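User: I would like to go through this model and check each label against its cut-off. Please take it one term at a time.

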Amino acid sequence: MSRAIWRLTVRGEFSAAHALRHYQGKCENMHGHNYTAEMSVEGETLTPDTEFIVDFSELKNLLRAELARLDHKNLNVTPPFDRINPSSENLARHLWQRLEPQLRDRPVRLIGITVSETGAQSATYCEISE
């Protein structure tokens, strides 16, 4: 038996500087990126009026607010990256930890956060219930 699931993805951008600690290469020096972040959610029920699982604008506003906290910052001195390496992996996990609680009261569940430093590479964080 199958069930229907809708998956929505919204994207946002921010610019920030960072230096990768313990990295053997030029990225250990301070440098910047124009990051892209994607938030993907899924849900099973459409609203009776609009037939959305959730309005894209709600998701974009949540993501935009979190990215604003990182925009034009030196990540190495911005919590929690003053303690942990400001890698794409850690940025994706940080955004998950900030956004997932904000989605608990909505009819969707967060399924992944992807952070890209360039168009050619990205890191995705998700948590899988067992």
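**Labels and their cut-offs**

Analyst: Helix 2 (residues 88–103) lies across strand 2, strand 4 and strand 5, and runs at about 150 degrees to strand 4. This is a predicted model: local features need pLDDT of at least 70, side-chain atom pairs count only at pLDDT 80 or more, and totals for chains, interfaces and linings use all residues. Residues are numbered from 1 along each chain as its sequence is written, and side-chain values use heavy atoms, without hydrogens and water.

User: Why is Thr-114 called buried?

Analyst: Buried means under 20% relative accessible area (exposed is over 50%, partly exposed in between; 1.4 Å probe, protein chains only). Thr-114 is at 14%, so it counts as buried. Thr-114 sits in strand 4 (residues 109–118). Across the 130 residues of the chain, the buried share is 38%.

User: What makes the link between the side chains of Thr-114 and Thr-124 a polar contact?

Analyst: The limit is 3.5 Å between N or O atoms, one able to donate a hydrogen and the other to accept it; residues adjacent in sequence count only through two side-chain atoms. The Thr-114 to Thr-124 pair is at 2.7 Å. That value is under the limit, so the label holds.

User: Which residues does Thr-114 touch?

Analyst: Contact means heavy atoms within 4.5 Å. Leaving out residues up to four places away in sequence, Thr-114 touches Thr-36, Ala-37, Glu-38, Ser-122, Ala-123 and Thr-124.

User: How do you know which strands pair with strand 4?

Analyst: Pairing takes at least two DSSP bridges between two strands. Strand 2 (residues 31–43) and strand 4 have 7, so they pair; they run antiparallel. Strand 4 and strand 5 have 5, so they pair too, again antiparallel. Thr-36 stands opposite Ser-116 in strand 4. Ile-113 stands opposite Tyr-125 in strand 5. A hairpin of 2 residues joins strand 4 to strand 5.

User: What makes strand 3 and strand 5 edge strands?

Analyst: The open sheet has 5 strands in the order 3-1-2-4-5, with mixed pairing. Strand 3 (73–74) and strand 5 (121–125) each pair on one side only.

User: How do helix 1 and helix 2 cross?

Analyst: Their axes come within 10 Å and cross at roughly 145 degrees. Axes are lines fitted to C-alpha atoms, for helices over the stretch in contact, with angles from 0 to 180 degrees between N-to-C directions. Leu-59, Leu-62, Leu-63, Glu-66 and Leu-67 of helix 1 meet Leu-95, Arg-98, Leu-99, Gln-102 and Leu-103 of helix 2.

User: Where does helix 1 lie on the sheet?

Analyst: Helix 1 (residues 56–68) lies across strand 1 (6–18), strand 2 and strand 3, at about 20 degrees to strand 1.

Technical notes:
Helix = DSSP H or I, 4+ residues; strand = E, 2+ residues; numbered from the N terminus.
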